[in-house]
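Hi there,

Here is the structure I promised to pass on to you. Please open it beside this email, and then read on for what turned up.

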Amino acid sequence: MTETPNNQHKHVILLCSLALAMFGFAYALVPLYQIFCEVTGLNGKTSGRAADPATISQVSDREVTIQFLAQVGNGMPWEFRPTEHQLRVRLGEFNTTNYYARNRAAQAVTGQAVPSVSPGYAAKYLRKVECFCFTQQHLEAGEDQNMPVRFYIGDDLPEEIHTISLSYTLFKVPAVQDTSSIAKIANNQQ
Amino acid sequence: MVTRTEDLIPHRSPLLAFIARWLLTTNHKEIGTLYLWLSFTLFFIAGAMAMVIRLELFQPGIQFVQPLFYNQMVTMHGLIMVFGVVMPAFVGLANWQIPMMIGAPDMALPRLNNFSFWILPFAFTLLLSSLFMEGGAPNFGWTFYAPLSTTYGPPSTDFFIIGVHMMGISSVLGAINIMVTIFNLRTPGMTLMKMPLFVWTWLITAFLLIMVMPVLAGAVTMVLTDRHFDTSFFSAAGGGDPVFFQHVFWFFGHPEVYILILPGFGIASQIIPTFARKKLFGYHSMVYATASIAILSFIVWGHHMFTSGMPLMGELFFMYATMLIAVPTGVKVFNWVATMWRGSLTFETPMLFALGFVILFTIGGLSGLMLALVPADFQYHDTFFVVAHFHYVLYPGAIFGTMAAVYYWLPKWTGHMYDERLGKIHFWTAVIAVNLTFFPMHFSGLAGMPRRIVDYSPQFVDFNMVSSIGSGLLGLSQVLFLYIVIKTIRGGEPASTRVWEGAEGLEWTVPSPAPLHTFETPPPFPPVMESDVNE
């Protein structure tokens, strides 16, 4: 019994490391969750990167409806809406639509749009070549702009999908996360 | 190693000596006692909160408390019952019993043991102090879903976060201590597969604690940084996802529910053979079933989130994985019943509580199976049916299990037999009251009464009145329990060494009351049981 302190130390160290590793695991879940959702297209998450237009195969005869939705997050003072509510598109064909945003506040505001696709598993077939959601948007007081989304729908889209909804929620970016101000800080430091 | 606290602190006054004794003790029995009294105290505090909830729900409309305060009561009741009552009670039992059951002189790390305990009173003072703060205590439910706890949490949420961190540190250190003790301090001859089942279930519980308490710590840390340090783990605006919170939380939360019940399984597996005067049926299958439940508990967390927009494949996976848990649980229930088959049964209070545990826990397990079915869960989700389900597994499960253990081992701890007549009155009052309180919730839940809301539609009034009356009786029955425990400590018929005629195991070879230091040299195993009977 008492002649096994070495074993005891070994066990204590092992178990403490396990506890610390599990604390790390909680944080490792963050990227794991992102990757899992992106790979499987679960959760209606579209890719955060632009699709390569070269991957496009061919234009098919099959047509589907794509609906555009817009919401603003809490405390976001912008007017935000799609310029067209739905489009009938052919698979594999390039399409462009615009969202309209106007800053109704008396000061400049930076926004970030977060996309969501329904049904969720259609997300990985909706490939965006260009999207205002890839970057943050900055509008001066009272300024407005049209923001383009250029996309195509993969021709491998499952048969049973006839309608896809693409929804954007526009959130106000807190001042500290404003990339332009971060860029300013970075410039000042150089 | 024979330095005692008495030598360190001169006897300046009896009060100082008393404080020094309990503050500085490294003795597993004294620390076990501290854990059990802390748990008992918090049991009455959280129970009083349940009384506020039931009083308010006695009738529809808003009678006694404001909705915000009602939500604080629901949150604090859940948090304290889970982290302050059930977990410390089981750790207290482990401290008292595990060294005595494996023939060890103490826990492997006695000072760490002292530290693990003394974190807890501070953690719960922090948590309870939030009730008196501006903006009130946390009000988002014990599950603290983001954004309720991030964007909309009251300022006291930070006290809750630090409190949870402290409880987590305490549990992880306690679990490490228990695992190291079990691995290193067993008496020669006691192989792992000869350990008493209470020790086995605690070994697996300790493993679960080490695996998931740090994940909870991660979750509360993310909530803290989201609140104050501009991270966006759970905020969609910054690229995070509130649903992700639920994944992290339930990755902790589901193994946590087995942390709250596995030691109870161990207790039933000690008590039923004693009063059936037979060996436990299927010892090996009990061990494997406990281990399978623990492993499966890591892959079923999604069943708490069926209505969060999970894809069909995810729902199917979590549904089947969850239903699989019914198999090892069924093995356990079968083994308990088979142990009693043709046994010479007697029904002393510990046995009554253990039987209440088996029967009522099985009812809770069956409503759990109903909740595991995805289409059915869409109806049951967030209704009182869920409240009925988890109270059936926790009250007659974890709490009755603890009470069975207290009645079973109290003669060993105090040297006195408890009052059998009062114990039986306690059991029957509690078992009737627990069913009066929680059974009607199945019906109100199926009929659509949502949980965590201060008011309800008038058609649920009858069910709620019955529940409220039952809960009052249940509260009173636990006051009787407190009286019985104090009465037994103060005196009573002297208990013999073996206490129970059919008791087996090392803890029944030491005198009653168990002296402060036992097994300073490893005892022989298997133990030589004294054949005296306490009449």
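**What was found**

Pro526(B) sits in the segment that follows helix H17 (461-490) of chain B. One thing to keep in mind from the start is that this is a predicted model.

To find Pro147(B), go to the loop between helix H5 (110-129) and H6 of chain B.

**Two arginines with positive phi**

Next, please look at Arg342(B), which is not a glycine and yet has a positive phi, near 60°. This arginine lies in the loop that links helix H12 (326-340) to helix H13 (349-372) of chain B. Is Arg342(B) buried or exposed? Arg342(B) counts as exposed because it has 9 C-beta neighbours inside 10 Å, and the cut-off for exposed is 12 or fewer.

Arg452(B) is another residue other than glycine with a positive phi, again near 60°. You will find Arg452(B) in the loop between helix H16 (420-446) and H17 of chain B. Arg452(B) has 16 C-beta neighbours inside 10 Å, so it counts as partly exposed.

**Where the chains touch**

How many residues of chain B are in contact with chain A? There are 25 of them, and they meet 30 residues of chain A. On the side of chain B that touches chain A, the elements giving two or more residues are helix H6 (157-184), helix H7 (197-228) and helix H8 (242-259) of chain B. H7(B) gives the most to this side, with seven residues. By residue type, the side of chain B that touches chain A has 20 nonpolar residues, four polar ones and one charged.

Finally, a word on confidence. The average pLDDT of chain A is 81, and 80% of the residues score at least 70. Residues 180-190 of chain A have a pLDDT below 50, and this stretch makes three contacts in the model beyond near neighbours in sequence. Where pLDDT is low, the predicted coordinates should not be read in detail.

Enjoy exploring, and do write back with any questions!

Best wishes

Definitions and conventions
Residues numbered from 1 in each chain as written. Chains lettered and ligands numbered in written order. Predicted model: local features only at pLDDT ≥ 70, side-chain atom pairs only at ≥ 80, totals over all residues. Contact = placed C-beta atoms within 7 Å. Helix = DSSP H or I, 4+ residues; strand = E, 2+ residues; numbered from the N terminus. Nonpolar A, V, L, I, M, F, W, Y, C, P; charged D, E, K, R; others polar. Buried ≥ 20, exposed ≤ 12 C-beta atoms within 10 Å, placed from the backbone. pLDDT = per-residue confidence, 0-100.
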